[in-house]
Amino acid sequence: MNPESSNNNSQTNPRKRPLVEEPNNDKQPITLNSMVVAIDHNNLFYRVCSMCEKTLPEPSPNTHIPNSSSSSSSSIPFCKNCNFNSASSGSKRLFHVLMSIATEKRVVLVIMFDRAARVLFGCSADEFFDFAKTHPFAAASAGNALEGEMLKITLSQPKNGNARHLRVVSVFPLRTGFQPVIETLRELYRARGGS
């Protein structure tokens, strides 16, 4: 086998060529057009301290905070970073949306955090959470509403070394009549006779 011909073959084999769509090794963001394939609607949010915005654990639905002040201090979640009492309305939710997008060449799993997700959802994560409490299928409907949506997105390598997915830095809907998810859902539930 001729080594020159095998080298030539690897240059024409699409599996062996680096993808142009991926951010390069210099960790420079890349902008491309894509289509939303699916959204993981089971876990759209995470809770952070409203003072320092560090991640807080989600309170268990079975957590009972006793009235006694001596034993309640261990049950009330405090922010470990700034020691702020997050139980006294000192926490908020931020978007954390895992989604599949189709680019020109392949389907990729990406993660979209609060700033970019607000563009598509049209509200804060807390507002969407409150809406979803009264409309139990709102998260799944949000995924359906965004499915097939054409977007111009900027992707970057994850900031955290343990992260597995490319991060959506910015997003711009390409459809002229794009309407944020919350507006679409409000219209949908009004049409169905809900609030």
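Analyst: Asp126 is a place to start: at 25% relative accessibility it counts as partly exposed, where buried means under 20% relative accessible area, exposed over 50%, and partly exposed in between (1.4 Å probe, protein chains only). This is a predicted model, in which local features need pLDDT of at least 70, side-chain atom pairs count only at pLDDT 80 or more, and totals for chains, interfaces and linings use all residues. Residues are numbered from 1 along each chain as its sequence is written, and side-chain values use heavy atoms, with hydrogens and water left out.

User: Which residue forms a salt bridge with Asp126?

Analyst: A salt bridge here is a side-chain nitrogen of Lys or Arg within 4 Å of a carboxyl oxygen of Asp or Glu. For Asp126 the closest N and O atoms are 3.2 Å apart, and the partner is Arg93. Asp126 lies in helix 4 and Arg93 in strand 3, so the pair ties together parts that are 33 residues apart in sequence. Helices (H or I, at least four residues) and strands (E, at least two) are DSSP runs, numbered from the N terminus.

User: Which residues of helix 4 are buried, and why do they lie on the same side?

Analyst: Helix 4 spans residues 125-134, and its buried residues are Ala125, Phe128, Phe131 and Ala132. They cover an arc of only 125° around the axis, which puts them on the same side of helix 4; the arc is that of the directions from the helix axis to the C-beta atoms. An α-helix has 3.6 residues a turn, so residues three or four places apart point the same way. The face turned away from the buried side carries the exposed residues Lys133 and Thr134, while the buried side holds Ala125, Phe128, Phe131 and Ala132.

User: At what angle do helix 4 and helix 5 pack?

Analyst: Contact means heavy atoms within 4.5 Å, and here it is made by Phe128, Phe131 and Ala132 of helix 4 and Ala138, Ala139 and Ala142 of helix 5. Axes are lines fitted to C-alpha atoms, for helices over the stretch in contact, and angles run from 0 to 180 degrees between N-to-C directions. The axes of helix 4 and helix 5 are 9 Å apart, and the angle is about 115°.

User: Which residues touch the most other members of the largest nonpolar core?

Analyst: A nonpolar core is a set of buried Ala, Val, Leu, Ile, Met, Phe, Trp, Tyr and Cys residues joined through side-chain atoms within 4.5 Å. Not counting residues up to four places away in sequence, Phe121 touches residues including Leu44, Phe95, Phe128 and Ala142. Of the 36 residues in the largest core, those that touch the most other members are Phe121 and Phe128.

User: How far apart are the closest N and O atoms of Glu53 and Lys92?

Analyst: Glu53 is in the loop between strand 2 and helix 2, and Lys92 is in strand 3, 39 residues apart. Glu53 has a positive phi of about 60° although it is not a glycine. Both are partly exposed, Glu53 at 43% and Lys92 at 24%. In their salt bridge, the closest N and O atoms are apart by 2.6 Å.

User: How many salt bridges does the structure hold?

Analyst: Another of them joins Arg175 and Glu149 (2.9 Å, N to O). Arg175 is partly exposed at 43% relative accessibility, whereas Glu149 is buried at 6%. The number of salt bridges in the structure is 5.
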